[in-house]
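Here is a short briefing on one protein model. Look at the structure first, then work through the points below.

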Amino acid sequence: MLLGGAFCSAYTVAQDTVGIVWKDYDYIKYSDARLTGYNAAGIRYLPVNKIASASIYVNERYGKFINYHQSDDSYDHGVQTESFYRLSPGIVFYGSVGYENFTGKNMGGSAFIDPYYNPFDIVEYSDTMRGTKNLESYRLTGAISADISKRLTFGGKVDYTAANYAKQKDLRHKNRLLDMFVTAGLNYRINKTVEIGANYYYRRSVEGVEFKVYGTTDKQYYSLISYGAFYGKTELFGETGYTSEDSPMYNSFNGGSLQLGIDIRPDIHVFNEFTYKSRAGEFGKRAPYKIVYSEHNYDIIEYRGSLSLKKGQNHHYINITFENERLKNFENVYKFESRPGGNNYIVYYDPLKVSDKEQFNVTAEYVANVEIRDFRPLWILKGTVDFHHRRQTLSFYPYHRKQTIRYTNYHIAALRHIISGKNIYRFSIDACYTSGGGIIKNDGEYTTPGENQTKPKYIDKNLLVEYEHLTTGQIKGDIGLKYSRIFDKNRLEGYAALNYGLTKAFDVVYAGGDTFNVATFTVGCTF
């Protein structure tokens, strides 16, 4: 029902677009924090009856200042369409469909699509095995908000992502990702000033990873099972272990959010959203003769707040977000035992705690939308500060490694629309400065190691490259030009946009270079 309504909304918008010629999709979507919250009941506050956008884009990225898992020469292209549609005064739909195809050369490092999403990493032990990787992803989203009464509103949302990822050089890996989250909630308006809301959140993701060798079979391929900070144990492909079979990474989330909205005055609105999520998962297959290699759990706390002030043709807002995540990862201890008759079965013992990680992010943002005409600001001025902190302890008993990384992004941006008849010209400029620090590694021992105890393995090169990429002083600049034109026949706005961004890092020692470039070309329409 949700997805069907989303598709219907896009079609209906295309048939009736009178009166939305100059509306800016991005401004409308982000002008009210309730439109993008976890509780889909908030889309009832859509300030227009309907609006949609569709775009095709291509990106070219190149440069040597990259993280350990990134490409120095990559290309991606994709299609994105999304829409809001008010079916009636009490029912609003949202829908989105996206596709992206990525190709990156000279890629190594992690075998996962996103190495920072999972509790541990599988990393190529040798840097000579870099090759081309391809990622193809699809995303489908649908949401509905429906008034049950004058004060009570129901909201529901479904977000589904599927992806295929593959490396084209030995040691090869093939990944298949399925990721879906669902929310269902209610919003209740106590009076004209105060409203409250609550929603349930559920998410489940499965990323299967299969390793293969198609080239010379007499070569040995080693991977590092990194508990964090590139510290753990090595594994030879072909033996029993993490890389020996098609093993999935399971994750499931359960949680909820509470919302509080207050209209201090007709032109001042405050929105608060408090969220808690519990995440649990495992790597491996829970089946006869299959092994569950590790299990993990997270506690996640989030806060999102927004203060919105509208004065005449100007709209100012301040957004603050906070996220704290605590991970505990355990490696299972097991052995095979025989039953009478010769059948083997797996016996699990008390697991070993191999990582304890905590990270939190804080973002503060100020946005000024100046001289708004028909939901399109002529000026947009923005200032943002992001602070990131990660602390982790990795254990390979009796050895351990501790690491702390912190860095801050300072970002400013300005955007200007110039309207001339049926034409719109948009010029934008962004600048961001990043710096950080911490403790790259602090290795030690819980007790005196025994003579036969195996020492942990590590990859210092990746450790140094990641630390430098995240914390070294660097500045990024971005300039953009967009041309739009109104077409009377269909009453829609078509556009073409070009953006170029350059990152320049200072005092680079371990990365292959100190610059990185991104060029993006987009064509699309708003209707």
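A charge sits over a ring if NZ of Lys or CZ of Arg is within 6 Å of the ring centre and within 35 degrees of the ring normal. K277 lies over the face of Y201, at 4.5 Å from the ring centre.

This is a predicted model, where local features need pLDDT of at least 70, side-chain atom pairs count only at pLDDT 80 or more, and totals for chains, interfaces and linings use all residues. Residues are numbered from 1 along each chain as its sequence is written, and side-chain values use heavy atoms, with hydrogens and water left out.

**Aromatic pairs**

- Rings of Phe, Tyr and Trp (its six-membered ring) pair if their centres lie within 6.5 Å; planes under 30 degrees apart are stacked, over 60 edge-to-face, and the rest tilted.
- The count by this rule is 22 aromatic pairs.
- The ring centres of F120 and F283 are 5.4 Å apart and their planes are at 85°, so this pair is edge-to-face.
- F120 lies in the loop between β3 (91-107) and β4 (121-124) and F283 in strand β12 (residues 268-284), so the pair ties together parts that are 163 residues apart in sequence.
- Strands (E, at least two residues) and helices (H or I, at least four) are DSSP runs, numbered from the N terminus.
- F283 also forms a tilted pair with Y293, at 6.3 Å centre to centre and 45° between the planes.
- Y293 lies in strand β13 (residues 292-311) and F283 in strand β12, so this pair ties together parts that are 10 residues apart in sequence.
- Ring pairs link F112, F120, Y242, F283, Y293, Y334, F336 and Y348 into a cluster.

**Burial**

- Buried means under 20% relative accessible area, exposed over 50%, and partly exposed in between (1.4 Å probe, protein chains only).
- F120 and F283 are both buried.
- The relative accessible area of F283 is 0%.
- Y293 has 3% relative accessibility, so Y293 counts as buried.

**A residue in strand β8**

- E195 is in strand β8 (residues 194-212).
- E195 has a relative accessible area of 7%, so E195 is buried.
- The E195 side chain makes a polar contact with the R34 side chain, at 2.8 Å.
- A polar contact is a pair of N or O atoms within 3.5 Å; within protein, one must be able to donate a hydrogen and the other to accept it, and residues adjacent in sequence count only if both atoms are side-chain atoms.
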